[in-house]
Amino acid sequence: IDLVFDVNGKTTRRPIKTLKDGETRVKDGYGWNLADLTLGPGDQVHYYLEILDNDNIQGPNTGHSETFSFTIFDTRKQMEDLIALQDALIENMIALLARSLIGHKIISSDTTTDKPALKKFVAVNTDMIINIINMTQTIREQTKSLQGFSSTYATLFENIVSDLNQIRQQQVEILIKLDSAAAKSAPVGFD
């Protein structure tokens, strides 16, 4: 039985057990010392077990287990991904702010006659807020696994989620009121 593993495209075969003559079933374990591989951050490892039978007439047949894989944790890559996610969060927040400032006249006026436009505006803003909340929660979860990450910074993300959830709830209430008003003013016909 061989352990076959691939590290970043380089395949290695390591014999781990030799079966005795006549032995057809084996239940065993193997302790794989990964320190021998000199793996670095971001390295990808794929591995499986392979066995050859002893068919001397047509030649040995092979069988192998399912292929498993893992990636060595890379703090630098995680930080780069986190920074990219924060950049995207900032862009989305600025887009929401700009959209809200431009559309503030629509929201603040109780006399808006274009209720469908108002409803669409509020619905899109709500979707944008939900997206921002999801991104913020993802960043918060990723920061939990990083050592030395500022608790103040983590609290900032918790506050963003909390405050945006309140705004989202307010906008959902506006949508409910708009639907209710539309239902009251919609003509009904009977045949």
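How much of the accessible surface of the protein chain belongs to carbon and sulfur atoms? Of a total of about 13800 Å², the share is 54%. Keep in mind as you look around that this is a predicted model. The protein chain averages a pLDDT of 84, and 90% of the residues score at least 70. Confidence is highest in strand S1 (residues 2-7), at 94, and lowest in helix H3 (residues 151-185), where the mean is 84. As a rule of reading, where pLDDT is low, the predicted coordinates should not be read in detail.

Now for the overall layout. What radius of gyration does the protein chain have, next to a compact globule of 191 residues? The globule would come in near 16 Å, but the protein chain has 30 Å. Taken along the principal axes, the box that the C-alpha atoms fill is roughly 90 × 60 × 25 Å. As for what is tucked away, 22% of the 191 residues count as buried. Contacts tell another part of the story: take those between residues at least 6 apart in sequence, and 61% of them join residues at least 24 apart.

Let's zoom in on one residue in a helix. Gln-86 sits in helix H1 (residues 75-108). Is Gln-86 buried or exposed? Its relative accessible area is 16%, so Gln-86 is buried, the cut-off being under 20%. Leaving aside residues up to four places away in sequence, Gln-86 touches Ile-139, Tyr-153 and Phe-157.

Next, a look at backbone angles in the loops. Most residues other than glycine have a negative phi. Asn-8 has a positive value, with phi near 50°. You'll find Asn-8 in the loop between S1 and strand S2 (10-15), and with a relative accessible area of 49% Asn-8 is partly exposed. Thr-38 also has a positive phi, near 45°, and is likewise a residue other than glycine. Thr-38 belongs to the loop between S2 and strand S3 (44-52). Why does Thr-38 count as exposed? Because its relative accessibility is 68%, and exposed means over 50%.

Key: Residues are numbered from 1 along each chain as its sequence is written. This is a predicted model: local features need pLDDT of at least 70, side-chain atom pairs count only at pLDDT 80 or more; totals for chains, interfaces and linings use all residues. Side-chain values use heavy atoms; hydrogens and water are left out. The radius of gyration is taken over C-alpha atoms; the globule rule is 2.2 Å times the number of residues to the power 0.38. Buried means under 20% relative accessible area, exposed over 50%, partly exposed in between (1.4 Å probe, protein chains only). Contact means heavy atoms within 4.5 Å. Accessible areas come from the Shrake-Rupley method with a 1.4 Å probe; for residues, only the protein chains shown count as cover. pLDDT is the predictor's confidence in each residue, from 0 to 100. Helices (H or I, at least four residues) and strands (E, at least two) are DSSP runs, numbered from the N terminus.
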